Amino acid sequence: MKSNGLIQIKGISEESQKAVNEVSKLLVYKIGQPMAVLDILPDQILIIIEGEARLLSSKNGKIVTAAKLGKGSFIGLSSILRAIPSEFVSASIETKVAALPTQLILDLYEKEKSFRDQCQSTLYPSEALYLAN
């Protein structure tokens, strides 16, 4: 199902935004459904449109919530940019996302300076968790 332009990526060109809108898909995750796993690089990047997800971590053999992710949060982006699968995320309530092909995100990173600058200047929750462990 197309996302119908529900997602706007700040600072990218009109041409790139059009490409985003053309290829993005709307996905719905149910409560507890995995959105990203630790051992696989994602083939799509998710952007939360509505709902909430949990970045999970293992502490003393128990799964705990490290951070809550809401509207506008990227899932999979830091894993792709680092080329290391580092996100374990599940939906905490029914969550609607725009799914974008990884290659499109990599193309935006290469072509769109404002997007690249935003990525490079943001410490994503999964990166903070990685540094803390």
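A salt bridge is counted here when a side-chain nitrogen of Lys or Arg lies within 4 Å of a carboxyl oxygen of Asp or Glu. In this predicted model, K68 and E52 form such a bridge, with their closest N and O atoms 3.8 Å apart. The structure holds three salt bridges, together with one aromatic pair.

**Salt bridges**

- K68 belongs to strand β5 (residues 62-69), whereas E52 sits in the loop between β3 (44-50) and β4 (53-59), so this bridge ties together parts that are 16 residues apart in sequence.
- K68 counts as exposed because its relative accessibility is 58%, while E52, at 28%, counts as partly exposed.
- E94 and K30 also meet through their side chains, at 3.1 Å from N to O; E94 lies in the loop between β7 (89-91) and β8 (95-101) and K30 in the loop between β1 (25-29) and β2 (34-36), so the bridge joins parts that are 64 residues apart in sequence.
- D117 and K113 form a salt bridge of 2.6 Å, N to O, and both residues lie in helix α4, four residues apart, which is about one turn of the helix.

**Aromatic pair**

- The rings of F74 and F115 form a tilted pair, with 6.4 Å from centre to centre and 55 degrees between the planes.
- This pair links distant parts of the chain, since F74 is in strand β6 (residues 74-75) and F115 is in helix α4, 41 residues apart; both F74 and F115 are buried.

**Nonpolar surface patch**

- L123, Y130 and L131 make a nonpolar surface patch of about 370 Å².
- L123 is placed in the loop between α4 (113-121) and α5 (125-132), and it counts as exposed because its relative accessibility is 56%.

Notes
Residues numbered from 1 in each chain as written. Predicted model: local features only at pLDDT ≥ 70, side-chain atom pairs only at ≥ 80, totals over all residues. Heavy atoms only, no water. Patch = residues over 30% accessible without salt bridge, like charges linked within 9 Å, V, L, I, M, F, W, Y side chains within 5 Å. Areas by Shrake-Rupley, 256 points an atom, 1.4 Å probe, with all protein chains shown as cover. Helix = DSSP H or I, 4+ residues; strand = E, 2+ residues; numbered from the N terminus. Buried < 20%, exposed > 50% of the residue type's maximum accessible area, 1.4 Å probe, protein only. Phe/Tyr/Trp six-rings, centres within 6.5 Å; stacked < 30°, edge-to-face > 60°.
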